Amino acid sequence: MAKTLKQEFTKGLWKDLPPFRLVLGLCPVLGVTTTMENGLGMGVATTFVLCGSNLLVSLLRQAIPPRVRIACFVIIIAAFVTVVELLMQAYTYPLYLKLGVFIPLIVVNCIVLGRAEAFAYKNKVSSSVADALGIGIGFTLSLSLLGSLRELLGNGSLTIWGDLSYSIIDVVPSFQPFTFATQAPGAFVCLGLMLCIINLIGK
Amino acid sequence: MNELVRMTVVLTGLATIAGGVLAAVHSGTADRIAAQQLEYVKGPAIRSIMAATTNNPLEDSFQLSIGEEEKTVFIGSLASGGTAVAFEEFGRGFGGDIGVMVGINMETETILGTAVTVHSETPGLGAKAKNDRSFTSQFEGLPVSATVAVTQDGGQIDAISGATTTSRAVCEAIAQALERYQMLHADLQKTVN
């Protein structure tokens, strides 16, 4: 029974929400979510790669021989990641400096390879793109949410993009920044809290 | 046999197309990436070295070919009427190449200032080479004929404690810059005037 495009799209936003529901792709989730802007940038980059690889894998699914499919997926994904890396260097250099090694590491993000293998290789182009968009946007929202939580707790501020930023001190004058939240151990604690909340809601 | 051929053809084809696309994107973005690096990596280094110049060194630069290498040389006009040049050299550090922008006052033939541009050294140890003033200020004012080396190697530069390899790499880059300056002195003089 084929699902509608809308179902393919929305499943990534809640039912199969990558980091929080499937608990997949945690390396960038823990690594880059020190600020909202980093999380958003990483999410958009991953979404682009995901859409590109799902589209191509789905288009070529008749041509790719099953025994070398993983190698083919990796070539396609690696090509898209390198394109993203070059584009980020050319247009958003400060963000590229902050995300650093995590951009090339999208290659080994299990979400991207997972969607290619589990979905795009078996489904037609339109549903594959819908699936990629849903999962990608879900991933982006999750990273941004975790990033803003950590930035709010750790720095007491929230930078939406560029110079557009808000300070929590303006709202709650007695707020003390909790630097722990922006450090590596804080990432685990914040992720744990998020998983706990998501699981409570999902029950 | 048939399947083997098909696998080979598909993989080779995919890899070829991917390679072609990447080459196109790379050459398409190369100029913009160079401009961005100038703005965000070399720019701050130049500005910290040539803070007191009357012109904008980032706009007054020229390409100098040394052997097969192309080097960008930045020119700053000093308030005293003299000229300073700055260019980047690399030394081999603990975690990869360290780029050092070296500014030389052509009037007094001394080092105007140095600044680390790119590095991948250990945070808290080697990474200090970028911002630790007690280390970086040691190079300022040295004559271009000086031998730049850390004290362990018989030089006059106190290495950052715990980061001798990094300190050596910075010295190596600066020593190379001085050597190159002396070698190209006549060329530089001609271009600047």
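Which residues does Ser144(A) touch, not counting residues up to four places away in sequence? The first legend answers this question, and the others turn to further parts of this predicted model.

View 1. Not counting residues up to four places away in sequence, Ser144(A) touches Met36(A), Gly39(A) and Leu40(A). Ser144(A) counts as buried because its relative accessibility is 8%, and the cut-off for a buried residue is under 20%.

**View 2. Spans of chain A annotated as "transmembrane region" in UniProt.** The unreviewed UniProt entry gives this annotation to residues 42-60, 72-91, 97-116, 128-149 and 180-201 of chain A. In the predicted model, the span of residues 72-91 of chain A is 100% helix and 0% strand. The end C-alpha atoms of residues 72-91 of chain A are separated by 29 Å. Residues 128-149 of chain A are likewise 100% helix and 0% strand, and 31 Å separates the end C-alpha atoms of this span.

**View 3. The contact between chain B and chain A.** Chain A contributes 21 residues to the contact, and chain B contributes 18 residues. About 1,900 Å² is buried between chain B and chain A, with 79% of this area on carbon and sulfur atoms. Between the two chains, 5 residue pairs are in polar contact, with both residues at pLDDT 80 or more. On the side of chain B that touches chain A, the residues comprise 11 nonpolar, 4 polar and 3 charged.

**View 4. The salt bridge between Glu3(B) and Arg67(A).** The count of salt bridges between chain B and chain A is 1. In this pairing, the side chain of Glu3(B) meets the side chain of Arg67(A), at 3.3 Å from N to O.

**View 5. Thr164(B), a position with a UniProt annotation.** The unreviewed UniProt entry lists Thr164(B) under "modified residue: FMN phosphoryl threonine". Thr164(B) is found in helix 4 of chain B, a helix that comprises residues 164-183. Leaving aside neighbours within four places in sequence, Thr164(B) is in contact with Gln152(B) and Ala159(B). Is Thr164(B) buried, exposed or partly exposed? Thr164(B) counts as partly exposed because its relative accessibility is 25%, and this class lies between the cut-offs of under 20% for buried and over 50% for exposed.

Key. Residues are numbered from 1 along each chain as its sequence is written. Chains are lettered from A and ligands numbered from 1 in the order in which they are written. This is a predicted model: local features need pLDDT of at least 70, side-chain atom pairs count only at pLDDT 80 or more; totals for chains, interfaces and linings use all residues. Side-chain values use heavy atoms; hydrogens and water are left out. Contact means heavy atoms within 4.5 Å. Buried area is the accessible area (1.4 Å probe) that two parts lose on being put together, summed over both. A salt bridge is a side-chain nitrogen of Lys or Arg within 4 Å of a carboxyl oxygen of Asp or Glu. A polar contact is a pair of N or O atoms within 3.5 Å; within protein, one must be able to donate a hydrogen and the other to accept it, and residues adjacent in sequence count only if both atoms are side-chain atoms. Ala, Val, Leu, Ile, Met, Phe, Trp, Tyr, Cys and Pro count as nonpolar, Asp, Glu, Lys and Arg as charged, and the others, Gly among them, as polar. UniProt positions are given in the numbering used here, feature names are shortened, and annotations may be inferred rather than shown by experiment. Helices (H or I, at least four residues) and strands (E, at least two) are DSSP runs, numbered from the N terminus. Buried means under 20% relative accessible area, exposed over 50%, partly exposed in between (1.4 Å probe, protein chains only).
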